[in-house]
Amino acid sequence: MSEIVRQKVKQAKEILQELDIDVWLTFVRETSAAGDPALQLIYDHDLTWQSALLISRNGKDYIILGHLEAETARQLDAYAEVIPYHESIRPELLRVLEALNPRTIAINYSHNDVLGDGLGYGLFQVLQEILEGTPWAGRLVSAEQVNAALRGRKLPLEIERIRAAIQTTQQIFSETFAAVQPGWSEQQVSEFMRARMKAYRVLPAWEEGHCPTVNAGPYSPIGHVSAGERILQPGHILHIDFGVKQAQYCADIQRVAYMLRRNERNAPKEVQKGFDTIWRAIEETVRQIRPGMSGVEVDAIARRIVTDVGYPEYKYATGHHLGRLAHDGAGVLGPLWERYGETPLFPVEVGHVYTIEPGLFVPEYGYIGLEEDIWVTPNGAEFLSDPQTELILI
């Protein structure tokens with residue numbers, strides 16, 4: 001991961017120039033217990049004592065940390081100056097700020113973005129005490145925009161790793177649908193997929209208890225829920241939400257199959273209509289996405305297609321960022337609901353990777369949810385996953 005960290009530190013300097021922010025300060029302590037999400041991108045190791053990572057737009061980049069961790073920082077070779085300390089971080093931090101003399105210092109808190117909100121209130125008070133009586137105490141601003149841009153704008157090397165995770169996820173899906181049959185329980189489907197993850201030496205992209213999420217038929221609860229003992233039966237929709245984490249990057253994909261009844265060659269019209277509606281919503285959304293659109297504008301495309309046909313509005317966002325986490329990045333392709341704060345207003349940018357995942361419920365049959373992973377380019381968007389354009393029949 002060292003090369004990605006080095007490139008991300010360089011990318012952060014360019015973002016600071018763009019945003020007219022002098023210094024980005026990430027202040028942390030004992031990160032194995034309360035880690036800052038930004039460290040995944042700009043350090044990728046745990047830190048124990050109070051530590052300060054300072055990236056400046058015009059000058060050097062510094063990392064100030066406990067002396068026992070200095071050699072690890074030097075080996076990373078991402079920061080121009082590694083500054084170890086023994087008893088207190090205060091004098092070294094003030095010395096660096098004196099050298100940089102920043103007009104603005106972006107620190108790691110955010111009102112909207114959980115991945116930009118790593119600075120706990122107690123540690124914020126510690127930082128205020130260190131800066132008390134200095135010119136820099138009144139120059140602190142949120143690093144929300146810095147973190148959002150750095151996490152959202154994927155490097156080519158990051159795209160390569162996401163593609164690899166997607167390919168492994170799709171391979172496990174293929175093996176699963178080739179093996180599954182009526183009479184299997186949701187738990188058996190889940191256990192099969194987990195065994196394949198072990199065979200491929202990859203991790204689940206989110207909590208193992210519900211990765212995969214498996215829904216068999218109309219009475220299976222939808223959402224972040226563990227597979228149960230419900231049995232797959234003819235006439236059931238089988239819905240699976242699944243992704244792997246591979247080389248620290250994630251995939252997040254949903255697939256749908258229909259279990260044919262005796263003498264059925266095709267799915268019932270109600271099921272086929274539901275599938276066609278969701279695929280059309282995905283296809284049209286991806287066709288229309290352009291850099292500069294807000295998340296709420298993108299969400300409205302898919303949401304309108306589903307509701308215009310007469311289905312109820314799905315009660316979640318159409319899509320989210322994908323990367324080091326399955327739910328990655330600051331913005332969301334979602335409606336302006338209070339729970340999303342201002343994140344649906346964040347712009348779509350070149351280099352962003354999103355899921356697109358509308359869904360609907362077909363009474364008596366089950367849930368239809370497709371999820372594809374896409375990459376935003378200067379000209380629009382392209383699929384990273386191989387989209388499911390036809391209903392799988394078992």
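Visitor: How much space lies in the largest cavity?
Guide: About 40 Å³. This is a predicted model, where local features need pLDDT of at least 70, side-chain atom pairs count only at pLDDT 80 or more, and totals for chains, interfaces and linings use all residues. Residues are numbered from 1 along each chain as its sequence is written, and side-chain values use heavy atoms, leaving out hydrogens and water.

Visitor: What counts as a cavity, and what as a pocket?
Guide: Both come from a 1 Å grid over the protein atoms alone. A cavity is a set of points where a 1.4 Å probe fits but cannot get out. A pocket is an open set with protein on both sides within 12 Å along at least five of seven lines. Grid points are joined across faces, edges and corners, and the volume is the space filled by probe spheres set on the points.

Visitor: How many cavities of 30 Å³ or more are there?
Guide: One.

Visitor: Which residues line the largest cavity?
Guide: Among them are Trp 24, Asp 36, Asn 108, Leu 115 and Asn 147. A lining residue has an atom within 4 Å of a point. By class, this lining has four nonpolar, four polar and two charged residues. Ala, Val, Leu, Ile, Met, Phe, Trp, Tyr, Cys and Pro count as nonpolar; Asp, Glu, Lys and Arg are charged; the others, Gly among them, are polar.

Visitor: On to pockets. How much space lies in the largest pocket?
Guide: About 750 Å³. It is lined by 33 residues. Nearest its centre lie His 224, His 320, His 327, Tyr 340 and Glu 357.

Visitor: Which elements give two or more residues to that lining?
Guide: They are β8 (213-216), β9 (237-242) and β13 (319-320). Strands are DSSP runs of E, at least two residues; helices are runs of H or I, at least four; both are numbered from the N terminus.

Visitor: How does the lining of the largest pocket split by class?
Guide: Eleven nonpolar, 15 polar and seven charged residues.

Visitor: What volume does the second largest pocket have?
Guide: About 240 Å³. Of its 14 lining residues, those closest to the centre are Gln 145, Ala 148, Phe 346, Pro 347 and Glu 349. The largest share of the lining, four residues, comes from α7.

Visitor: Where is Gln 11?
Guide: In helix α1. Helix α1 (2-19) also supplies at least two residues of the lining of the second largest pocket.

Visitor: Is Gln 11 buried or exposed?
Guide: Its relative accessible area is 11%, so Gln 11 is buried. Buried means under 20%, exposed over 50%, partly exposed in between, with a 1.4 Å probe and protein chains only.

Visitor: Which side chain does Gln 11 join in a polar contact?
Guide: That of Lys 8, at 2.9 Å. A polar contact is a pair of N or O atoms within 3.5 Å; within protein, one must be able to donate a hydrogen and the other to accept it, and residues adjacent in sequence count only if both atoms are side-chain atoms.

Visitor: Why does Asp 328 count as buried?
Guide: Because its relative accessibility is 2%. Asp 328 is in the loop between β13 and β14 (332-333). Its side chain makes a polar contact with the side chain of Lys 154, at 3.4 Å. It also reaches the backbone nitrogen of Leu 325 at 3.4 Å.

Visitor: What does Val 286 touch?
Guide: Ile 356, Ile 374, Ala 381 and Phe 383, not counting residues up to four places away in sequence. Contact means heavy atoms within 4.5 Å. Val 286 is in helix α10 (residues 269-288) and counts as buried, at 5% relative accessibility.
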